Amino acid sequence: MEFDPVLLSRIQFAFTVSFHIIFPSFTIGLASWLAMLEWRYMRTGNVVFKETYQFWLKIFAIAFGMGVVSGIVMAYEFGTNWSGFSDAVGNVIGPLLGYEALTAFFLEATFLAIMLFGWDKVGPRLHFFSTLMVAFGTLFSSFWILSANSWMQTPAGFYLENGIAYPENWIEIIFNPSAPYRLLHMVTAAYLTTSFVVLAVGAFYFLRQRHIPQAKVMLNYALWFILIAAPLQLFSGDMHGLNALEHQPAKVAAMEANWETQGNVPLILFAIPDPEEEKNHYQLSIPNLTSLILTHHADGEVVGLKDFAKEDRPPVKWVFYCFRIMVGLGMLMILVGLLGLYFRWRGTLFTPSWFHRLCVAMGPSGFIAVISGWFVAEIGRQPWVVYNVFRTEDMASPLPGANVAISLAIFIIVYAIVFGSGVTYIFRLIKKGPQTGDTDGSHDPSAGHHPMMAADIPSPSETK
Amino acid sequence: MEMLEAYLPWIWGAVIATGVFVYVILDGFDLGVGMLCKFRKNEADRGVMINSIAPFWDGNETWLVLGGGGLFAAFPLAYSVVMPALYIPIILMLVSLIFRGVAFEFRFKAEGKGREFWDKAFVFGSVFAAFAQGVVLGGFVQGITYDEATRSFAGGTLDWLSPFSILCGIAVVFGYALLGACWLIMKTEGELQDWAYGLAPKILTVMLAFMVMFTLWTPFLHSGMPLLSIHLDEVMHTALWERWFSTPNIFFLGWIPVLVAVVAFLLYRAIARRQEIAPYLYTAALFLLGYIGLAVTAWPNIVPPDITLHEAAAHPSSQFLLLIGVVVLLPVILGYTGFIYWVFRGKVTHDAGYSH
């Protein structure tokens with residue numbers, strides 16, 4: 001049996017990076033959330049903030065660990081499976097990844113140790129400083145990796161010689177045309193992802209009538225944040241889309257399943273795009289809206305897919321469907337924020353209701369939206385690995401297909417075990433809930449021997 | 001600036017070599033402690049052992065990312081040739097590191113069978129990560145087939161697999177176990193420390209045996225002949241042989257084995273005298289000497305036997321940009337890394353766990 005190494009390497013990269021992105025998109029927001037909680041605790045002395053902090057810190061430790069190990073895979077996969085890519089663009093994006101390690105990874109790994117295990121080793125100010133450093137680390141990391149990714153989408157500041165990209169202007173490379181929009185859109189997405197998990201956990205406790213003081217903190221902060229950030233995200237997504245229209249028109253055409261270059265382009269709510277016949281089936285649409293969104297004129301002309309040679313078009317269906325999932329979830333998020341405001345105004349925010357069930361159901365919405373969004377960005381970039389410069393199919397390693405088939409199978413099995421377990425343990429922690437001062441670890445017979453795992457972080461009464 | 005351009009590949013070679021060395025002596029001890037957990041079934045002992053490395057392992061492993069990322073940035077050609085050539089051992093290493101990395105947290109969340117599973121994952125993840133790194137080293141030293149026309153790896157899937165690379169794999173397992181034992185000597189007390197004192201010289205003896213084998217084997221690697229049917233006069237004309245044994249090189253390089261013998265003696269003595277910090281430092285010195293020997297063997301290649309540092313070097317502007325980052329940020333990183341080791345200094349004891 002013959003395996004296609006390029007296709008398998010693509011699947012393997014998509015699989016490992018999709019798994020990986022789940023954890024950073026959670027921990028980026030979680031680190032800032034923890035910093036906020038610790039800051040509130042320091043300012044108010046209210047122990048509820050500290051208990052909430054400690055609860056989320058345990059979850060952070062697990063999620064962060066999984067992000068680290070799945071991230072190391074990414075750092076090596078460029079070379080193992082995409083050696084042509086590494087050779088062709090290493091000059092340009094290599095230093096960006098190097099800066100990610102220098103500015104972010106060490107900072108996060110080191111200060112995480114103080115966050116997790118330093119309660120009785122350092123003072124409260126230094127501990128808060130450590131939390132802040134971890135939060136900054138996640139943001140520095142986002143900056144560099146998104147800069148590198150954006151360069152692949154909208155390459156700038158380089159020249160080609162013998163099929164290899166060389167740097168010409170670092171400022172243009174680092175701040176390439178799509179980088180600011182992508183950074184804003186992704187960091188907001190990460191914060192929203194975390195907010196919805198926090199919201200879901202808080203709402204879950206309200207439905208169960210447990211851990212009410214901590215659940216109030218979670219619900220309160222998450223809903224304020226969502227109310228403001230979810231509409232902003234729509235706005236930043238719109239800017240990001242306009243940027244893509246300018247630099248990656250084929251991607252936008254695929255997002256809208258727009259085949260013809262024409263004016264008065266409708267906004268398609270639902271359709272089944274058919275790449276063979278180059279048209280859509282069962283189309284349900286709102287007239288002129290896409291033209292209006294993209295050109296700010298109802299009759300504005302928008303480039304269609306037929307303007308591009310067939311071999312230069314991205315896989316339309318994936319891009320089209322994933323874009324709708326992302327936007328649909330974004331709309332729901334805005335709705336949740338508004339509903340939260342309504343219940344707050346009615347004074348029934350903390351009375352269990354169908355709204356809390358909706359909040360629980362929306363718990364995973366951020367993850368799904370983030371992955372859908374990345375599918376739009378990355379599949380929409382195809383067939384290019386660096387847009388209009390290098391084709392994906394030319395950049396794979398000279399590996400036999402069987403090797404990649406085996407490694408892909410191993411990754412699927414290992415990730416299923418490892419991340420399945422990790423998620424199970426996170427759910428277990430959520431079920432157990434925040435530990436308050438009167439139920440400290442001293443009741444646990446094994447407490448004396450417990451190593452300093454994050455899950456065993458002492459509650460306040462123990463640290464003295 | 002032009003002066004600097006000529007030296008950039010050397011500087012970067014030194015930076016990456018330093019980064020990998022720091023990785024080896026740091027992650028080496030926590031991988032070693034992971035392996036040694038196999039031999040202490042007692043939950044309290046295992047707790048202390050894992051306690052002793054928990055705040056450090058993540059930072060230690062980051063040096064591996066810096067090594068990989070630095071190679072990608074500074075020598076993209078080397079990165080794109082070495083990684084596919086060593087595909088299987090690198091995937092093995094990554095998967096082992098995944099299991100072991102998550103086991104830190106998971107083993108305390110799991111119960112019964114689950115706990116047993118993650119304990120095994122912790123031990124075997126540590127062993128196989130170390131073994132895979134040794135195999136990567138062996139596969140790298142013995143040489144990688146390179147096609148200049150396509151700028152890519154041109155060998156077979158199993159080129160890395162040889163008695164030599166397997167030997168390197170086992171040697172690294174023992175080397176890391178020794179670092180782990182010395183770490184335990186430094187960080188524990190009582191019965192556990194006694195055990196580490198008893199174990200360390202035995203591991204050291206095995207490791208020295210492997211170092212001798214490695215050293216004797218290396219000059220024959222590029223002669224293209226199986227070890228047992230060599231014609232010595234042909235071997236003596238290989239570049240590698242010349243590098244080590246011609247005059248005057250031998251006068252400069254001859255001190256390496258002598259120093260290995262001296263440091264090994266000091267290490268045995270430090271363990272016998274029950275010194276606590278010296279064993280770890282002497283072990284690190286042994287690693288450094290072996291590492292210098294390796295660098296001499298590979299010199300001036302970054303991918304033996306065909307690609308030199310200069311050939312693989314990234315554009316000077318790329319190397320320079322990241323070098324600024326290294327010069328500015330590495331001291332800061334070393335500063336806060338040192339700070340962490342200082343915060344979590346001293347003995348880890350059974351009753352000083354974090355629940356108190």
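Predicted model: local features only at pLDDT ≥ 70, side-chain atom pairs only at ≥ 80, totals over all residues.
**Helix pair in chain A**
- From α6(A), the contact uses A:Ala189, A:Leu192, A:Thr193, A:Phe196 and A:Val197.
- From α12(A), it uses A:Ser365, A:Gly366, A:Phe367, A:Ala369, A:Val370 and A:Gly373.
- By class, seven residues of this contact are nonpolar and four are polar, with no charged residues.

**Chain B overall**
- Chain B contains 15 helices and four strands.
- Its radius of gyration is 21 Å, close to the 21 Å from the globule rule for 356 residues, so chain B is as compact as a globular protein of that length.
- Along the principal axes, the C-alpha atoms of chain B fill a box of roughly 60 × 45 × 40 Å.
- Buried residues make up 51% of the 356 in chain B.
- Of the chain B contacts between residues at least 6 apart in sequence, 75% join residues at least 24 apart.

**Nonpolar core**
- The largest nonpolar core holds 262 residues.
- A:Leu199, B:Ala78 and B:Ala181 have the most contacts inside it.
- Helix α3 of chain A (residues 83-117) gives this core its largest share, 22 residues.
- Leaving aside residues up to four places away in sequence, B:Ala181 touches B:Gly32, B:Leu36, B:Ala196, B:Leu199, B:Ala200 and B:Ile203.

Note on methods: Residues numbered from 1 in each chain as written. Chains lettered and ligands numbered in written order. Helix = DSSP H or I, 4+ residues; strand = E, 2+ residues; numbered from the N terminus. Rg over C-alpha atoms; globule rule 2.2 N^0.38 Å. Buried ≥ 20, exposed ≤ 12 C-beta atoms within 10 Å, placed from the backbone. Contact = placed C-beta atoms within 7 Å. Core = buried A, V, L, I, M, F, W, Y, C linked by C-beta atoms within 7 Å. Nonpolar A, V, L, I, M, F, W, Y, C, P; charged D, E, K, R; others polar.
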